[in-house]
Amino acid sequence: MNIEQMKEKFTQIFGEGEEPEVYFAPGRVNLIGDHTDYNGGHVFPCALTLGTYGVVRRRDDDILKLYSENFSSDGVLESSIRDLEPSGNGLWTDYPRGVVWAFEKYGYTADRGLDILFYGNIPGGAGLSSSASIEVLTGIIIRDVFGFTDITDTRIALLGQYSENHYIGMKCGIMDQFASVMGKAEHAIFLDTYKLDYELVPVKLGKDICVVITNSGVSHNLVSTAYNERRSECERGLDILQKTLDINSLGDLNNEQYERYKVLISDETIRKRVKHAVSENRRTVHALDALRVDDIKEFGRLMNKSHLSLRDDYEVSCEEIDLLVKTAWELPGVVGSRMTGGGFGGCTVSLVKKRNRNLFKNKLTACYREAYGREPEFYEVEIGDGARKL
């Protein structure tokens with residue numbers, strides 16, 4: 001759908017009235033640094049040109065009416081903005097409702113209702129942060145429509161994270177929301193998730209390399225998986241280490257310190273989780289160093305090691321993703337390949353030489369079809385800007 005089609009659909013759904021406004025918030029892909037954001041480490045995501053659009057108009061009452069073209073069979077779902085307590089019904093509307101709820105918790109109360117039409121072109125369940133893009137989109141709509149001008153972009157990201165943690169029940173870190181707000185075309189975001197210091201870093205892959213996302217088609221629901229369990233395991237590991245070490249987060253440790261003090265953690269599973277959090281953080285820092293000196297080969301090597309750690313130490317991959325990554329590693333022209341996102345399905349991200357991209361797609365399609373009887377989807381993505389009014 002283009003913008004005019006969205007506006008026409010909005011009028012069909014909500015009727016005539018004032019001209020609606022249109023907003024956009026992107027999804028993201030993380031080049032390296034997964035499951036480090038809630039451990040106080042570094043991440044290196046970039047915003048995509050894929051994302052979620054919102055067409056919005058204020059109402060004269062306190063009713064919040066929501067419609068998604070992606071869930072059109074649900075029709076218009078409505079509630080009072082005065083009655084937004086978590087329901088646990090699992091509907092897509094929990095994401096925008098949760099953000100309105102979070103704003104009110106922090107003293108920013110909407111004085112009237114809204115009509116909002118949502119349309120997203122991010123594949124659902126692919127691990128490209130469709131949920132975070134909805135949260136950020138709702139946040140910038142509320143800030144703009146109700147004139148909450150003192151709310152910074154960083155606060156928008158934090159409110160999105162707060163709503164997902166406390167309204168949805170997903171104990172995610174800040175990366176997805178932050179990337180959706182702060183993204184810049186042709187740049188990745190090097191973010192210290194503990195201090196929220198960040199740097200926009202040009203992604204210079206050269207003319208001969210492209211970023212290819214491969215969607216396994218394995219849809220994850222992180223709330224009902226081991227995601228929250230992984231976070232709890234890391235917190236337990238941190239508690240153990242803090243009895244001896246003066247650290248605020250696992251992101252404070254380097255690999256040498258981990259090796260020296262891992263003996264303090266008797267539980268092998270917790271030790272492996274901590275190992276990943278520490279080593280992935282250091283890989284992310286080193287990946288930035290490699291990118292600064294145009295060492296794309298080293299960047300790709302670090303991507304590959306990231307996948308091994310996510311697979312073996314953090315145990316958030318799955319056999320479908322592992323097959324896609326292993327096949328990619330064996331192909332000419334693949335600089336690096338790894339799972340990306342929360343895990344348990346979703347996508348891989350690969351740096352592929354453009355002259356080899358057709359071979360890459362054909363080989364992965366053939367092996368995946370042979371193993372699972374279905375085909376993956378491929379997206380050659382562009383790095384885009386963050387959330388904004390269109």
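Asp34, Glu280, Arg283 and Arg338 are linked in a network of salt bridges, a salt bridge being a side-chain nitrogen of Lys or Arg within 4 Å of a carboxyl oxygen of Asp or Glu. This is a predicted model, in which local features need pLDDT of at least 70 and side-chain atom pairs count only at pLDDT 80 or more, whereas totals for chains, interfaces and linings use all residues. Residues are numbered from 1 along each chain as its sequence is written, and side-chain values use heavy atoms, with hydrogens and water left out.

**Salt bridges**

- A search of the whole structure finds 27 salt bridges.
- Lys7 forms a salt bridge with Glu19, their closest N and O atoms being 3.0 Å apart. Because Lys7 lies in helix α1 (residues 3-14) and Glu19 in the loop between α1 and β1 (21-32), the pair ties together parts that are 12 residues apart in sequence. Glu19 is exposed, with a relative accessible area of 56%.
- Arg231 and Glu235 form a salt bridge in which the closest N and O atoms are 3.5 Å apart; the two residues are 4 residues apart in helix α6 (residues 227-242), and about one helical turn separates them. Arg231 counts as buried at 18% relative accessibility, whereas Glu235 is partly exposed at 41%.

**The sheet around β9**

- An open sheet is formed by 4 strands in the order β9-β10-β8-β11, with antiparallel pairing, where two strands pair if DSSP finds at least two bridges between them. Helices (H or I, at least four residues) and strands (E, at least two) are DSSP runs, numbered from the N terminus.
- The edge strands, each pairing on one side only, are β9 (334-340) and β11 (377-380), and the twist averages 20° from one strand to the next.
- Strand β9 pairs with β10 (residues 347-353) in the antiparallel sense over 6 bridges, and Val352 in β10 is the bridge partner of Val334.

**A helix across the sheet**

- Helix α11 (residues 357-372) lies across β8 (209-215), β9, β10 and β11, running at about 160° to β11. Contact means heavy atoms within 4.5 Å, and axes are lines fitted to C-alpha atoms, for helices over the stretch in contact, with angles running from 0 to 180 degrees between N-to-C directions.

Methods: Buried means under 20% relative accessible area, exposed over 50%, partly exposed in between (1.4 Å probe, protein chains only).
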